[in-house]
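Here are my notes after a pass through the two-chain model. Have it open while you read.

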Amino acid sequence: MQRASQGQDAIFRGTAGGDVSLKDEVFKDKKSVRGTPNASLPAFILGEELADLADHDPRIAVLTADLAVANRTNDFKRRHPDRFFNLGIAEKNMMTVAAGMASCGLVTYAATFASFCAILGAEQIKTDCAYPGMKVRLIGHHSGMSMGFYGTSHHALEDLAITRTIADLTVVCATDANHLRAILRESVDHPGAMYIRLGRGRDPEVYPTVPKAFRFGKAITLRPGKDVTLICCGSVVRASLDAAEKLAKHGIDARVIDMHTIKPLDTAAVRKAARETGAILTVEEHNITGGLGSAVAEVLVEEDRIPFMRHGVPDEFVPVGPPAALYAHYKLDADGIAKKAKALLKS
Amino acid sequence: MKSAAKKGSAVKKSIAARGHNVSSAMLADRAMFVRLETLRLARICGAGHYSSTFSAAELFAALYYAHLNIDPKDPDWPDRDRFILSKGHAAIGLYPILADLGYYPMSELDTFTRLGSHFGDHPNMKHIPGIDFSSGSLGHGLSVGVGMALAGRMQQRDYRVYCMLGDGELAEGQIWEAAMAASHYKLQGLIAIIDRNQLCIDGHTEEVMRVEPLEQRFRSFGWEVQRIDGHDFEAILPALGQLKPAGTGKPQALICDTIKGRGVKRMELSLQWHVANLAGEDYDDAEAEIRAGLRPLAKRGKKRGKN
């Protein structure tokens, strides 16, 4: 039995890629871990980046719901204590408070686990943030099944489906640390409310530097290709790029598009990919119902009918397991994605 | 629409200096105006939240004509007091006041609820000057108020934030999340005005979901509490006058005992008029009754569970 008292530090201890055997998991750590090992987590830059932005912008305020350690908003608190508000384990209140603050001219960033952000607080996002057009940036971190063995209550495989049906809400997925920096910088002056979906802070690197070309609603083509396009987002972008390399060895030239903004969707990029590569595989760490795959399918069905397949988590609750094992189980690692692409091209 | 009209009524001109020399008789006239306009607007769409609005008519009048620090010529004035109508279904009574004060022409209300109107059953801040926050989903307003009060502190503004809550919506958990946060952050400038009109849709609150003892509950959450008769200006005005300014003390609750449907006898503490339509002779009778002014109540509702 896993002892509950190990707390949230354990969230960060699984490896982000590669196979994890049971043996490795149990015996990897030789000493106890107390608290969260900050030094080993360079990827989660949320608090520091927001603090940097706040140095030059008095409008920025940050809220969380008893997760300042897990989401690094404590880094913001350290530098801007007067602009940081912990609302306790009361997520709905936090989101509406953020909206109330935004109505007074502030730009508020409210962060909590994606499951308790976009799913628990869906109505607050709709009614208090998006509908009045408040500049609230809802940050749902540890999205998808990245909380692994914490189980279904802590997974968010429905959040894109929920948020992308809310009018006037921008929905964007951060790919890695530098990509998140770009999103946060662009978000300050972006109109209306926004849902920013993050992984667990150990997402493998895709962007070695902050992508200067980043714009909301404008997909980034990471790899050219003519045989098939992998349209992906968030945590599985790295695996999709790796899959493209594997496909290349089999003579398949795969294009890879980081479709970071789920709403508004870059429909032009989808149609261009359909025309130029003739087949599309969407890849996402989300239920295949309602997320990126569905958004792309809507474009394809209405515009360009080509071989198309959605790849993600099937419509089921995920079994318990370490994150890396779950990615392999659902073929969301490079090998799995490459296999799916080959199957699509054979279909 | 967002451009405030400058046309105001004679009444508005006479109360231009709010907070000064506003008589109870004048305020009673404005409460009557709220009730009459509610009748008129409900007739446009054939359905209105009469009784929830009538219970709040005196509170609306006292706040808007005698208390709030606002400027109808500058609806977005950053230092204004905020008012959040958490029980958004009473907006039908608030719209006429905002028109009367000059936020927009009274004629705009003729479109009430019709296709494309700015004025729906629940208020939309994006379209209506003077509405500080959109509402309609119960249980959210106090959280909005916490946010506005925190923002005021961050921006070093000393406005106060008033949030009108229904008693039925106190069953929403988010209210208590906000109540906890308000006292935690010592938001003295946040004022909850509770329209304790005794009924929710399905019955008396104490039968559907008990909210009493309200004073104890708010006090135990760290609030200052006053409890008054919410239809009596001689009680409302002193209570508002006693409210402390924005600062770092306890948030303040004003529990206002009211009668749902007050002013039209058939509606008083009746479950039939939460959403309803008055037509024909019924409409005329109700109008005549309202114009006659509030009659004294022999005894108050039996379900009030004071503590």
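**Notes on the model**

1. Helix H5 (residues 91-101) of chain B is mostly covered, with 11 of its 11 residues buried (buried means 20 or more other C-beta atoms within 10 Å of the residue's own, the C-beta atoms being placed from the backbone; helices, H or I of at least four residues, and strands, E of at least two, are DSSP runs numbered from the N terminus). Among them are Tyr95(B), Pro96(B) and Asp100(B). Just after H5(B), Gly102(B) takes a positive phi of about 100 degrees.

2. A word on conventions: this is a predicted model, so local features need pLDDT of at least 70 and side-chain atom pairs count only at pLDDT 80 or more, while totals for chains, interfaces and linings use all residues. Residues are numbered from 1 along each chain as its sequence is written, and chains are lettered from A and ligands numbered from 1 in the order in which they are written.

3. Now the sheet in chain B. Its five strands run in the order S1-S2-S3-S7-S6, open and with parallel pairing (strands pair if DSSP finds at least two bridges between them). S1 (82-85) and S6 (224-229) of chain B are at the edges with a single partner strand each, so one side of each has no neighbour in the sheet. From one strand to the next, the twist averages 20 degrees (axes are lines fitted to C-alpha atoms, for helices over the stretch in contact, and angles run from 0 to 180 degrees between N-to-C directions).

4. Within that sheet, S3 (residues 190-196) and S7 (residues 252-257) of chain B pair in the parallel sense over six bridges, with Ile191(B) opposite Gln252(B). Helix H10 (residues 233-241) of chain B packs on the sheet, where it touches S6 and S7 of chain B, and its direction makes about 160 degrees with that of S6(B) (contact means C-beta atoms, placed from the backbone, within 7 Å).

5. Over in chain A, look at strand S6 (residues 193-197): five of its five residues are buried. Ala193(A), Tyr195(A) and Arg197(A) point one way, Met194(A) and Ile196(A) the other. S6(A) runs parallel to strand S4 (residues 136-141) of chain A, joined by four bridges, and pairs in the parallel sense with strand S5 (residues 169-173) of chain A over five bridges. Ile196(A) stands opposite Ile139(A) and also opposite Val172(A).

6. Last, the interface: 24 residues come from chain A and 22 residues from chain B. On the chain A side, H4(A) gives the most, with eight residues.

Note on methods:
Contact = placed C-beta atoms within 7 Å. Buried ≥ 20, exposed ≤ 12 C-beta atoms within 10 Å, placed from the backbone.
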